[in-house]
Amino acid sequence: MMHGSEKEAEVKSVQQELNQLNISAITKGRFRERVAKVVKAQLDEQKAVQKTEMKLATEAVTKFFDKNKDEKVFVGRLPGVGANSKAVGEALNSVKAKMATKVVYLFALEGEEGKEGGKVVHGCYLPEEASKQGASATDWASTVSQVVGGKAGGKGATCIGNGTEPGKVDEAVEAATRYLERFKF
């Protein structure tokens with residue numbers, strides 16, 4: 001069975017084909033009801049996956065800092081999380097609320113590395129201490145966006161971006177880490 005964007009594309013295709021069919025209105029209505037049930041099930045599945053990924057993202061950051069109590073910086077991938085901007089945003093909000101002195105850059109991928117059509121969602125949080133030293137979440141995210149493609153935006157201490165090149169995430173992690181080398185944390 002298909003999942004994610006493949007399933008979504010197939011459902012849209014079926015809806016378009018159904019609209020083009022030359023059949024009785026009653027039969028078409030029955031088919032539309034069946035398709036509506038599939039669409040609702042798909043949306044429910046997407047919401048459940050998104051909720052799970054939000055939890056996984058937040059737990060990954062929390063576990064990192066629980067295991068590495070002396071660390072002030074985490075730059076890395078979120079395991080088990082697809083290119084879900086809400087999950088990345090939720091993890092950043094968790095850091096902002098519960099670990100406000102930590103510096104974080106997160107990456108989440110969809111698709112296989114090195115293959116066409118993948119996506120990257122990335123985001124960062126910089127505490128006030130970093131801003132006082134001249135660090136900027138917008139500049140940091142822009143540096144990473146130059147590597148993974150796409151663009152980033154945000155205000156204040158957080159910034160989230162989308163990229164089109166999941167095969168360059170390791171290079172982007174290095175770029176994010178290099179950006180921080182000029183500051184003291």
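Which residues of α3 are buried?

A: Some ground rules come before the tour. This is a predicted model, where local features need pLDDT of at least 70 and side-chain atom pairs count only at pLDDT 80 or more, while totals for chains, interfaces and linings use all residues. Residues are numbered from 1 along each chain as its sequence is written, and side-chain values use heavy atoms, with hydrogens and water left out.

Now to your helix. The buried residues of α3 are Ala87, Val88, Gly89, Ala91, Leu92, Ser94 and Val95. Buried means under 20% relative accessible area, exposed means over 50%, and partly exposed is in between (1.4 Å probe, protein chains only). As for the naming, helices (H or I, at least four residues) and strands (E, at least two) are DSSP runs, numbered from the N terminus.

You can check the length of α3 yourself. Helix α3 covers residues 85-98, and at 1.5 Å a residue its 14 residues should span 20 Å; the end C-alpha atoms are 20 Å apart, so the two agree. The expected span is 1.5 Å times one less than the number of residues.

Look at α2 against α3: the two pack at an angle of about 40°, with axes 8 Å apart. Axes here are lines fitted to C-alpha atoms, for helices over the stretch in contact, and angles run from 0 to 180 degrees between N-to-C directions. On the α2 side you'll find Gln50, Glu53, Met54, Ala57, Thr58 and Val61, which meet Lys86, Ala87, Glu90, Ala91, Ser94 and Val95 in α3. Contact means heavy atoms within 4.5 Å.

Next, find Leu78 in the loop between β1 (73-77) and α3. Leu78 counts as buried because its relative accessibility is 4%. Leaving out residues up to four places away in sequence, Leu78 touches Ala57, Ala60, Val61, Val88, Leu106 and Phe107. Take Val88: Leu78 and Val88 are ten residues apart in sequence, and their C-alpha atoms are 8.5 Å apart in space.
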